[in-house]
Amino acid sequence: MMTLTLREVAVACGGRLDAVADPDAAVTSVVIDSRQVTAGALFVAVAGERVDGHEFAAVAAGAGAAAVLAARPVGVPAVVVADPVAALAALAAEVRTRSSATVVAVTGSAGKTTTKDLLADLLGELGPTVAAIGSFNNEIGLPLTVTRIEPATRFAVLEMGARGPGHVAALCELARPRIGVVLNVGSAHLGQYADGRAGIVRAKGELAEAASDAVVLNADDPLVAGMAARARGEVITFGEGERADVRAHDVRVGDDGRARFDLVAAGERHPVALTLVGEHQVGSALAAAAVAIRLGLPPARAAEALSRARARSRWRMEVAVTDTGVTVINDAYNANPESMRAALKTLVDLSQGRRAWAVLGGMEELGASADDEHDAIGRLVVRLGVEQLVAIGERARRIHLGASLEGSWSGESVWVADVEQACTLLREQLLPGDVVLVKASRAFGLERVASELTSGAVSLGATPLDAAPGEWGAHG
């Protein structure tokens, strides 16, 4: 990050120094996990649902923290503020003010993290780039990413989640993006909006209103394309349709589940062979290319960079083969109806005559539509011809019922109460050559199923670069 003194941190956060011997001591990083503290770090004491960061102040100081950003004196050097989370945002805003980096922000109901990761690769071709780790996309994760900006940083790629009206606008006020990207409008967090999908459209469109230079919109999604009327700057479109500014021509998916297409942009056409698994990754690739080309990357280099890009974030369409010959698709980080459908299609593409297993948990934050959406996923499993369905947990019972009621099907659906029962069933019934998709909303912990299956497995993709999701919020 940009080096600040403790005195400057206190001014930026509106706080006061407590038990600080040297107000000019340098702060060289900002963390919220005491295990990540290194010399010169500012440890932000966040009071969470399960742990209170203030309890780890001494641990952080012992590990070399310059100070703790805290809501009260903690017996070690501290910057005392009214609200550490709000103070973190203020500190990030100060870093943003001092930086000349171009900020690119990405939002959408699905695909944000993949698009952000691809942008990190493409913009890295043009200069030093900082990108969010994993899904750091809320009022804590986004400021943490901004504080990583250094004097030499040319681009910063941020991910913005929206769990209600005004969330994206608040993040934009801090980050001040020059380029915005809106990927899609789906059902993710539908239960958080009183007026349903219309509320999601308004919330995602807050980025179009905030991006000062340009907004990149999905031409294939009418709800996103309509945000052009709200754009503050230039409008650039991506998609597979002929009218998109940056488009994919001749998309095809190989037996390995990976998409190939021709990137068409700026009057040029160049082949792309993605290493990411799933046809739905094409949209993320096009969005990233549109941004990079707008910022000066030639289309030919954009195509080459997309073909080299590897997965950076864990538990998102990770593919591995076990020592018993079972292929596991670990997409357990999160789920909504749109991403469920995309993952199931990828399972079918990848299995190609082998026995396919859909191991599915529930989807959160769908509100009144939750039962219908889970039922529809179960019916889709049947229509796609997936041979085996394992639904895990009470929320996923409706997936099992939907499959059972769909009609003629040569496959089998089983409901189990928890992850442990699922693991036992899979250990007993999986055979060499089977292909298994593991997917659910993060709250249901299905990554434990994938971990059980892939213990000792060989990954078919690059090793992700970020820490396991969830670790960043701990303080132990």
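**A proline and its surroundings**

Modeller: Let's start with Pro-299, which is found in helix α11; helices here are DSSP runs of H or I with at least four residues, strands are E runs of at least two, and both are numbered from the N terminus. Bear in mind that this is a predicted model, where local features need pLDDT of at least 70, side-chain atom pairs count only at pLDDT 80 or more, and totals for chains, interfaces and linings use all residues. Residues are numbered from 1 along each chain as its sequence is written, and side-chain values use heavy atoms, with hydrogens and water left out.

Is Pro-299 buried or exposed? It's buried, at a relative accessible area of 7%; the scale is under 20% for buried, over 50% for exposed and partly exposed in between, using a 1.4 Å probe and protein chains only. What does Pro-299 touch, leaving out residues up to four places away in sequence? The list is Leu-263, Ala-265, Ala-266, Glu-268, His-270 and Ile-293, where contact means heavy atoms within 4.5 Å. Leu-276 is another matter: it is 23 residues from Pro-299 along the chain, and the two C-alpha atoms are separated by 20 Å.

Now follow the chain onwards. Helix α11 spans 299-308, and the loop between it and β17 (318-321) holds Met-317. Met-317 has a phi near 50°, a positive value in a residue other than glycine. It's also buried, with a relative accessible area of 7%. Asp-250 has a positive phi too, near 60°, and again this is not a glycine. Asp-250, though, lies in strand β14, residues 246-253, and is partly exposed at 45% relative accessible area.

Next, the rings. The charged end of Arg-316 sits over the ring of Tyr-333, 3.9 Å from its centre. To count, NZ of Lys or CZ of Arg has to be within 6 Å of the ring centre and within 35 degrees of the ring normal. Arg-397 lies over the face of Trp-415, at 3.8 Å from the ring centre. Aromatic pairs are another story: searching the whole structure turns up zero. The test asks for ring centres of Phe, Tyr and Trp (its six-membered ring) within 6.5 Å, with planes under 30 degrees apart called stacked, over 60 edge-to-face and the rest tilted.

Further along comes Ser-339, in helix α12, residues 337-351. Ser-339 counts as buried, at 16% relative accessibility. Beyond the residues up to four places away in sequence, it touches Asn-334 and Lys-439. Ser-339 and Gly-111 are 228 residues apart in sequence, yet 8.2 Å apart in space, C-alpha to C-alpha.

Nonpolar side chains tend to be buried together in soluble globular proteins. The largest nonpolar core here has 54 residues, and those touching the most other members are Val-9, Val-30, Leu-42, Leu-69, Leu-142 and Met-160. Apart from it lies another core, of 44 residues, including Leu-119, Val-157, Ile-179 and Ala-303. A core is a set of buried Ala, Val, Leu, Ile, Met, Phe, Trp, Tyr and Cys residues joined through side-chain atoms within 4.5 Å. Take Val-30: not counting residues up to four places away, it touches Met-1, Leu-42, Val-44, Leu-88, Leu-91, Leu-144 and Thr-147.

Met-1 turns up again with Arg-148, whose contacts, leaving aside neighbours within four places, are Met-1, Val-130, Ala-131, Ala-132 and Ile-133. Arg-148 is in the loop between α5 (141-146) and β10 (155-159), and is partly exposed at 34%.

For the cysteines, Cys-13 is buried at 12% relative accessible area, and Cys-423 is buried at 7%. The structure holds zero disulfides, counted as pairs of cysteine sulfur atoms within 2.5 Å.

Finally, zoom out. The protein chain has 16 helices and 23 strands. Its radius of gyration is 23 Å, close to the 23 Å the globule rule gives for 476 residues, so it is as compact as a globular protein of that length; the radius is taken over C-alpha atoms, and the rule is 2.2 Å times the number of residues to the power 0.38. Of those 476 residues, 57% count as buried. Among contacts with a separation of 6 or more, 65% come from residues 24 or more positions apart.
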